[in-house]
Amino acid sequence: MNNNFYILAIDGGGYRGVYPAYILKRIEDEFGSDWLKKFGLIAGTSTGAIIATALACGLSTSQIVNFYKDHGKNIFRKRSLFGFGLLRSKYSNEYLKKVLKDVFGENRTLSQINVPLILPSTDIGNGIVHVLKSSYDKEFYRDNNRLVYEAVLSSCSAPTYFDPYFMNEYLLADGGLWANNPSLVAAIDAKRRLGQRLDNLRILSIGTGESRNFYLMVSGIRKWGFLTGWGGQKFISMLLNLQAQTAGNMLGLLLDQSQILRINFKSDTVLKLDDPNEHNNLVSLADKDFTYNAEKIKQFMGYNKIGGTDAG
């Protein structure tokens, strides 16, 4: 008997969410995957929260890819010179809030999502982690009436890019500050809340790119400071990158490597979180990486055949 319990975990990374969205589109196109039947738990952080929630709400991967293409430039539209500066976030979250409300509905709550869903966020008012979840455990009560679009927006509020979002009693910011790769959080919850054995877990973890170079060496001494190379947004990107690596490394110590399939790409330059002009490049990278990993995905996920249907 196959006791495998599949988890889908999607990293944060701003507009680079196009990459995991297109990977999932290729999986859906080639294998006919039914996400809600295949995965017992879906987790997503920041841009990954958009994708994870969209799948949990029954949207197709084509619709998710189009979400980025259709709305990316308006989501990442810079404030006016008077609206953006050292004291303001780079972008307003009003357009993002509007389109999330359009996609997920104005009144849908987390309790109305039938699949176990995890959306990491950060409670910056109290300086603690904040995990938003659908109602898959009878002990959950805090988030039952949380609006879905607000939960996703809370997970997406990356510091310096968007203002934190005030949701009921909490001031929430991007979950990537502590769980940019949510696979470890999902694995622990699958064991603790869903009663799954660790050796039954199978985790498909999809990243949004990993930069290998953030700060240049100058005469053996790193320039440091806001005006000499520190760079607030560059620093935030590095923190998200480090967290994703750490979570992946810790998960690798917790589980056997055969239980984890990680798909990601690496770059020798700093990867921006807010560049919609990279859409075609991200799609091309995703297409290449899917093609390279197709057989591995088929075997890991237990699909019948390439071009066929989901085996269960």
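Begin by selecting Ala244, Gln245, Gly248, Asn249 and Arg262, which lie nearest the centre of the largest pocket among the 16 residues that line it; a pocket here is an open set of points on a 1 Å grid over the protein atoms alone, where a 1.4 Å probe fits, with protein on both sides within 12 Å along at least five of seven lines, and lining residues have an atom within 4 Å of a point. This is a predicted model, in which local features need pLDDT of at least 70 and side-chain atom pairs count only at pLDDT 80 or more, while totals for chains, interfaces and linings use all residues. Residues are numbered from 1 along each chain as its sequence is written, and side-chain values use heavy atoms, with hydrogens and water left out.

Next, colour α9 (232-254) and β11 (260-263), the elements that give two or more residues to this lining; α9 supplies the largest share, six residues. By class, the lining holds four nonpolar, nine polar and three charged residues.

Then move to helix α1 (residues 18-31) and helix α10 (residues 279-301), whose axes come within 8 Å and cross at roughly 45°, the axes being lines fitted to C-alpha atoms over the stretch in contact, with angles running from 0 to 180 degrees between N-to-C directions. That angle makes α1 oblique to α10, oblique being what remains after under 35 degrees (roughly parallel), over 145 (roughly antiparallel) and 65 to 115 (roughly perpendicular).

To view the contact (heavy atoms within 4.5 Å), show side chains including Tyr22, Ile23 and Ile27 of α1 and Leu282, Ala286 and Phe290 of α10. The contact of α1 with α10 comprises 13 nonpolar, two polar and five charged residues.

Note on methods
Helix = DSSP H or I, 4+ residues; strand = E, 2+ residues; numbered from the N terminus. Nonpolar A, V, L, I, M, F, W, Y, C, P; charged D, E, K, R; others polar.
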